[in-house]
Amino acid sequence: MRKIIVLVIVFGLSWQTAFAVENEHNENDKSTIESIAGTVSQPIKEILGSVVGLEKIVVSPDRIRESSTMTASDVTVIGQTEIDEKKDNFVKDILVDQAGVTKTSSGAFGGQTEIRIRGANPNHTLVLIDGVKVYDPASVNGAFDFANLPFDNIKQIEVLRGAQSSLYGSDAIGGVISIESKKPDAPFLETGIESGSFQTLTEYVNLGGYEKGLHYSFAFSQFNTQGISSADQRTIPNIQETDPYRRTSVAGRLDYEITPDLTVGTTIRNVYARNKYDDSNPVTWALQDNDQLTGTSNMFLYSLYVEHKPLECYDYSIRYSYMDNLRRDFDPPAGLRDWYCGKANRFDFQNNFHIKDFDIVTVGYDYAYEQSDAYYYNTANGESNDPKVFARNSALYLQNKAFYQDLIGSAQSMRVDHHSQFGTNLTYKIDGFYRAPTGTRARGSYATSFKAPSLYQLHAPANPSWFFLGGNPNLNPEKARSFEIGIDQYAFNNALKVSVTYFYTRFGDLIQYFTDPTTFQSTYMNASKAKSLGVEYGAEVNLFDEKLKVAANLTSLGTKDYSTDRQLARVPVDQFNINVNIKPVPKLSINTNIEHTGMRLNIGTDKMKAHTVVGLTAEYAVTKEVSIYTRLENLFNEYYEEVRGYGTPGFSAYGGVKTKF
């Protein structure tokens, strides 16, 4: 109760200050605050210039469209240029290049892929596609699987590090990955085909345009490969087979501007994937070859929204979304067939009140309904038809953001969630930034966050033959407290940006699979505490009118699981990424990428060695509309594993042709 009172006082003071300044404002005479701010900012503008050269438009930090220099959050924007330069086929491959982001895949093509931010668990990463929360309600921990997500119709990706539950609710302990579809202002048509190692063939088409208030975009792609063995051929002997993978994706977006202040729109995305994979030996639990086991997955997203600005000082948005995840497995010799279906409906109503040009107050309501349904049959273990289970969550969120240009600002936010299973939960965040005349920008934040138990952890049916008592309906949400302090330095008319960020997160009530040492019976419990702290270093250099661009980051992580007194599983102690893009001649672009992942634990005390992977992409513009390229992956044939027992590709080469009109 005291926390709520303190936060209400903070919001009240912010409102009082905003209205006081507004009442004193005179259109013909600058206020004292504006005069002081203008005087302070003058040396920056005259000596260093503005930071416009490095700023990008973001939405995720404060749930409003703003410049990245107007937020205290640590956010990285991956734009269309960066995506085109690397020529990756999957979103997961470009995410791992970002500071504080770790990827682990259980198999090279189609294997479950987890993304961690700043050492938090995979289900502590909130993923949004066009404002729609995407995840798997039918999986054990509810995390989003990045294995199959392509770049179809993607305009940009925002990687928002740090706790964000005060605006987004559950899952946003480590951070948020927000993906935005294309909204074109002019007609375009892009096609491409690529072929290469492992009998891989990729085809895609993107098109879009603008006509009388209607923005439209559409994308279709196919990816087929013979792949490699899911089980590591270099550590498991006598493996001869490969595990093929196929993916088909469609994505579209429509935005219709009824008036300049009223827009309605819809987005749709469907990703279907089919792959063969290998499983564990039921006796030894070691990964073994299986040339019959096949899995399929289908993710469908749909959203409908309205954005309206009826007044100069007020705008609102309403969004409805639906998500459906269906996974299936087949193994005819073992008599295996199963399916897991997770669905979610969401409704969000957000209101933004603009007080002149120095304060924005956001008030919103969020409602979510999720459900899970599953079926399993195996000749050895028989049939299991899990009952349909569901959960509801409703929330109110409030934010006050006060600022003066991109020089100084602060945001205070709070959110109250009510979950149908565990009741009410309060989270809050306070942050701020200041840019000094030297071009130095300081930022910091303190926040609380939480992760709701998954439907499986709450309601999984009991299995007496495995001594499994089933889910635990009395679970509490996982919780965390975190803070960060960062400094950004702009220099040489924004040709150089250097940043350093220190962060600390303390986790509590972590949900673990617990086995009683006496009865050997198992269930899920809030049984663990952990911490993650570290430093992120970053640098961006842009020289010779973008003929030379260098981006580098280094993350040093220290984690501890207090239940085992060891570092957290699959979190490296350090990692760094270097990306260099050069244009030696106008028609040729060469991109080199170096990814280093330090030592980490797999499970228990099993140590995974550090590895460094180098990639190279070269593109040549034959004409203004046609270009050819080649992409070399794992250039020096580095042997490594991301998850023990699962294979990763060695040196591989691809070539492609793309057209753009």
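Tyr620 sits in strand β33, which spans residues 611-621; strands here are DSSP runs of E with at least two residues, helices are runs of H or I with at least four, and both are numbered from the N terminus. What you are looking at is a predicted model, in which local features need pLDDT of at least 70 and side-chain atom pairs count only at pLDDT 80 or more, while totals for chains, interfaces and linings use all residues. Residues are numbered from 1 along each chain as its sequence is written, and side-chain values use heavy atoms, with hydrogens and water left out.

Tyr620 counts as partly exposed because its relative accessibility is 37%, and the scale is that buried means under 20% relative accessible area, exposed means over 50%, and partly exposed lies in between, with a 1.4 Å probe and protein chains only. Together with Ile193, Leu201, Val622, Ile628 and Val657, Tyr620 forms a nonpolar patch on the surface, with about 460 Å² of accessible area in total. Such patches are made of residues with over 30% relative accessible area and no salt bridge, where nonpolar side chains (Val, Leu, Ile, Met, Phe, Trp, Tyr) are joined within 5 Å and like charges within 9 Å; the areas come from the Shrake-Rupley method with a 1.4 Å probe, and for residues only the protein chains shown count as cover.

Strand β33 also holds Thr617, and this residue counts as buried because its relative accessibility is 5%. A polar atom of the Thr617 side chain lies 3.4 Å from the backbone oxygen of Lys86. Leaving out residues up to four places away in sequence, Thr617 touches Glu85, Lys86, Lys87, Ser589, Ile590, Asn591, Thr630 and Arg631, where contact means heavy atoms within 4.5 Å.

Which residues touch the most other members of the largest nonpolar core? They are Leu95, Ile157 and Ile177, in a core of 27 residues; a nonpolar core is a set of buried Ala, Val, Leu, Ile, Met, Phe, Trp, Tyr and Cys residues joined through side-chain atoms within 4.5 Å. The elements giving two or more residues to this core are α4 (91-95), β5 (113-117), β6 (125-129), β8 (154-161), β9 (175-181) and β17. Apart from this core lies another, of eleven residues, among them Val77, Leu128, Tyr168 and Tyr397.

Strand β17, residues 294-311, is also where we find Ser297, which counts as buried at 19% relative accessibility. The side chain of Ser297 makes a polar contact of 3.2 Å with the side chain of Asn148; a polar contact is a pair of N or O atoms within 3.5 Å, and within protein one must be able to donate a hydrogen and the other to accept it, with residues adjacent in sequence counting only if both atoms are side-chain atoms. Ser297 and Arg274 are 23 residues apart in sequence, and their C-alpha atoms are 6.6 Å apart in space.

Next come the charged pairs. How many salt bridges does the structure hold? There are 37, a salt bridge being a side-chain nitrogen of Lys or Arg within 4 Å of a carboxyl oxygen of Asp or Glu. In one of them, Glu66 pairs with Lys401, with the closest N and O atoms 3.7 Å apart. Glu66 lies in strand β2 (residues 66-67) and Lys401 in strand β21 (residues 382-404), so this pair ties together parts that are 335 residues apart in sequence. Glu66 and Lys401 are both buried.

Asp488 and Arg441 meet in a salt bridge as well, at 3.4 Å from N to O, and because Asp488 is in strand β25 (residues 478-491) and Arg441 in strand β24 (residues 440-451), the pair ties together parts 47 residues apart in sequence. Both of these residues, Asp488 and Arg441, are buried.

Finally, a word on the backbone. Asp171 has a phi near 90°, a positive value in a residue other than glycine, and Asp171 is placed in the loop between α5 (165-168) and β9. Asp171 is buried, with a relative accessible area of 5%. For Glu546, phi is near 70°, again positive in a residue other than glycine, and Glu546 lies in the loop between β27 (522-543) and β28 (548-561). Glu546 is partly exposed, with a relative accessible area of 42%.
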